[in-house]
Amino acid sequence: ADPSSLALLLRRVISTEEGRVPWLLATRPSAANDGLEDCPRITLQPLSVEAVRDLVASLCLENLHEDEWAPLLVQRTGGNPLFVVQTLTAAFEAGTLQGGTPSVLAPLPTSLSTLLVARLEKLSVQARSIARLASVAGVDFTLELACQLLQQTPAVMADAWQELHGAQVMRDGGFAHDLIRDACQQITPADVKGLMHAQVARALLERHAPAARVAAHWEAAARWPEAALAYELAAAHAHECDAVADELLKLKAAARCHLECGDAKSLSAAIALEHRALHLRIAIGQLTEETLQDCESLLARAGDEEQLVAAQRLLAYYWAERFEPERALPWAEAALQGATRHGHEREALLAAQRVGAVLSRLGRHEEALQCMRPRSNRLQMLTRDERLNWRSDFGSALDYADQRQEALQVLTDVVE
C-alpha cells in the first residue's frame with residue numbers, strides 16, 4: 001500500500017473511540033511500525049520441515065509425497081506458508097508434480113516474483129549490491145568476499161548486512177530461501193552477472209579454492225580458456241582421489257569449454273579430453289552402445305593423423321574389453337601402422353601395447369612379444385599411469401607365453 005493509505009489505516013488501528021473494530025496486522029520485522037510500539041505482538045517463526053509436511057498433507061493432492069517435498073519446499077521458500085502454497089500451485093500448473101515427487105521446479109508465479117522483487121528494490125543500494133553478489137557467488141559467498149569485491153570495510157558494511165537480515169533477505173550468512181535468491185538473480189543484468197562471476201573466480205583463485213569451484217564461475221562468465229584450464233585441474237584432482245565419476249564430469253566440462261573457444265588449438269584440446277573421458281568410461285566397464293557411438297564419432301572428427309590413430313586405438317580398446325579380440329585387432333594394427341608411418345612415437349608405443357594385448361587374448365603369444373618386447377625399454381615418454389598399464393600388459397603377455405620368470409620380474413616392478 002502507498003504511505004498515505006498506511007497512515008490512514010494506522011489512525012484507525014490506534015483509535016480509542018468507543019466501538020472501534022479490533023485489527024490484526026501482519027508485517028515483516030523490517031516494515032515501518034511507527035505508532036504501533038504499544039500494540040501486542042506475536043512473532044511468527046518460519047514453518048519447520050515437519051510443519052510444511054503437515055501443510056502439504058492437508059492439501060490432499062493426489063499421489064503427492066509430502067515426505068519428499070517438505071525439505072525441498074523449506075529450502076526453496078524459507079518456510080513461508082504463502083510461498084509454499086504458491087510454489088506447489090506453480091508446479092501443479094506446469095505439470096512438474098510428476099509421480100508426486102520433486103522434479104524440475106516451475107517458474108515462479110508473476111505475482112510472487114513481483115512481490116519479492118519489490119522487497120529487494122526497497123533495500124539500500126549497498127544492501128542490494130551485497131544481495132546481488134550473494135546470488136552470483138552462490139555457495140562461495142561470504143561477508144569477507146563481499147567486503148573484498150565491493151571494496152568496503154566490515155564496519156562500513158555492518159548496517160547493510162543488518163538491513164538484509166532484518167528484511168528477511170539473508171539468514172545465517174546466506175539467503176533466507178531460494179526464492180529470494182532467484183529474485184536477486186532476476187534483477188541483476190546478464191552482462192553484469194558475467195563480470196561478477198569473473199570477479200568471484202579471481203578472488204577464489206587468490207584463496208586457493210578448489211579448481212572445480214573456480215571453473216564454474218569462469219564458465220558462468222563465458223571466460224572459456226580460463227574455465228577449460230580450471231576444469232582440467234579439477235579433473236586431475238579427481239583422478240588423484242580416484243573419484244572416477246567426478247573426473248568424467250570435469251573432463252566433459254573442460255572439453256565443452258575448449259569447444260566454446262572456437263580456435264583450432266582449442267578444438268584439438270577438446271578432442272584429446274574427449275579421448276581421455278572415453279578411455280576412462282571403457283576402463284570402468286561402460287561398454288554400452290553409446291560409448292561405441294562416441295568412439296566412432298571421435299574417429300569421424302579426427303582432424304589429423306595423430307587424432308585418427310588415437311581414435312583407432314580407442315576402438316581397439318573398446319572391443320578388447322568387450323572380449324571380442326578379433327574385432328579389436330584390425331583397429332589396433334591400423335593404429336600401430338599409422339603411428340609408425342607418421343613418426344608418432346608415443347602413439348606407436350600405446351598402439352603396440354594394444355596390439356600385444358589383443359594378440360595375447362587370441363592365443364598368438366609369440367607375435368604379441370615380438371610386437372611389445374622391442375619397445376619395452378622406451379616408455380619414458382608415457383605418463384606414469386600409462387607406463388604401469390603398458391608393463392602390466394607386457395607382463396601378462398610374457399606369462400601367457402610361458403616366460404614366467406621374466407613375467408614375474410616385470411609384474412613385480414609394476415607392483416613396486
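Predicted model: local features only at pLDDT ≥ 70, side-chain atom pairs only at ≥ 80, totals over all residues.
Tutor: A salt bridge is a side-chain nitrogen of Lys or Arg within 4 Å of a carboxyl oxygen of Asp or Glu.

Student: How far apart are the closest N and O atoms in the salt bridge of Arg327 with Glu324?

Tutor: They are 3.5 Å apart, and this pair is one example in a structure that holds 21 salt bridges.

Student: Are Arg327 and Glu324 buried or exposed?

Tutor: Buried means under 20% relative accessible area. Glu324, with a relative accessible area of 18%, is therefore buried, whereas Arg327, at 43%, counts as partly exposed.

Student: Which parts of the chain does the salt bridge between Asp140 and Arg213 link?

Tutor: In this salt bridge the closest N and O atoms are 2.5 Å apart. The pair links distant parts of the chain, since Asp140 lies in the loop between helix 6 and helix 7 and Arg213 lies in helix 11, 73 residues apart. Asp140 is buried, with a relative accessible area of 8%, while Arg213 is partly exposed, at 36%.

Student: How should I read the packing of helix 6 and helix 9?

Tutor: Two packed helices are described by the angle between their axes and by the distance between those axes. Here helix 6 and helix 9 pack at an angle of about 105°, with their axes 9 Å apart, which makes helix 6 roughly perpendicular to helix 9.

Student: Which residues make the contact?

Tutor: Helix 6 contributes Ala131, Arg132 and Ser135, and helix 9 contributes Arg181, Cys184 and Gln185. The residues of this contact divide into two nonpolar, two polar and two charged.

Notes. Residues numbered from 1 in each chain as written. Heavy atoms only, no water. Axes fitted to C-alpha atoms, helices over the stretch in contact; angles between N-to-C directions. Helix = DSSP H or I, 4+ residues; strand = E, 2+ residues; numbered from the N terminus. Parallel < 35°, antiparallel > 145°, perpendicular 65-115°, else oblique. Contact = heavy atoms within 4.5 Å. Nonpolar A, V, L, I, M, F, W, Y, C, P; charged D, E, K, R; others polar. Buried < 20%, exposed > 50% of the residue type's maximum accessible area, 1.4 Å probe, protein only.
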